[in-house]
Amino acid sequence: MGDRFLRVWLSLLTVLCVVTFIAVFGLIRSESLRVSRIELVNSQGKVVAVLGVSPSDGGVLLLYDANGTLRAAIGMTTENNAALDLNDGNGNQRVAIQVNDDGTVSVKGLR
């Protein structure tokens, strides 16, 4: 009778813990998620996208191909200018577009 009582008691305690967890989780709702970096990985576990913070504390989005080569980046430069870089399959920058604070635009790599 002792083992049966213990099993019933532990089962009831487990159910109580699960119900408490669900209740607490339901009460804690957040309208936002605050993190400094999010990494997306493919089916092989390789990072294919990073949403993070640039060296100038602005936002940056990095996109990698399946081989791990950086192919595109959009974000803030160290001078706090908006930038878009597009790279070839070897990771070499081919197109760079930058918009400065004063509104001027510089474009490199387009013919």
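User: How do you know that E2 and E3 pair, and over how many bridges do they do so?

Analyst: Two strands pair if DSSP finds at least two bridges between them. E2 and E3 have five bridges and run in the antiparallel sense, so they meet this condition. Within E3, Val60 is the bridge partner of Gly52. The model is predicted, so local features need pLDDT of at least 70 and side-chain atom pairs pLDDT 80 or more, while totals for chains, interfaces and linings use all residues. Numbering starts from 1 along each chain as its sequence is written, and side-chain values use heavy atoms, without hydrogens and water.

User: Which helices and strands does the protein have?

Analyst: The protein has one helix and seven strands, in the order α-β-β-β-β-β-β-β along the sequence. Both kinds of element are DSSP runs, numbered from the N terminus (helices: H or I, at least four residues; strands: E, at least two).

User: Why is Asn87 called buried?

Analyst: Asn87, in strand E5 (residues 82-87), has a relative accessibility of 12% and therefore counts as buried (under 20% is buried, over 50% exposed, and partly exposed in between, with a 1.4 Å probe and protein chains only). The side chain of Asn87 reaches the backbone oxygen of Leu70 at 3.1 Å. Beyond its neighbours within four places in sequence, Asn87 is in contact (heavy atoms within 4.5 Å) with Leu70, Arg71, Asn92, Gln93 and Arg94. Of the 111 residues in the protein, 17% are buried.

User: Is Val35 buried, partly exposed or exposed, and how do you know?

Analyst: Val35 has a relative accessible area of 48% and is therefore partly exposed. Val35 lies in the loop between helix H1 (2-27) and E1.

User: Which residues make the nonpolar surface patch?

Analyst: Val35, Ile38, Leu40, Leu51, Leu61, Leu63 and Ile74 make a nonpolar surface patch of about 580 Å². Strand E1 (38-41) and strand E3 (59-64) are the elements that give two or more residues to the patch.

Methods: Patch = residues over 30% accessible without salt bridge, like charges linked within 9 Å, V, L, I, M, F, W, Y side chains within 5 Å. Areas by Shrake-Rupley, 256 points an atom, 1.4 Å probe, with all protein chains shown as cover. Salt bridge = Lys/Arg side-chain N within 4 Å of Asp/Glu carboxyl O. Polar contact = N/O pair within 3.5 Å; in protein donor to acceptor, adjacent residues only side chain to side chain.
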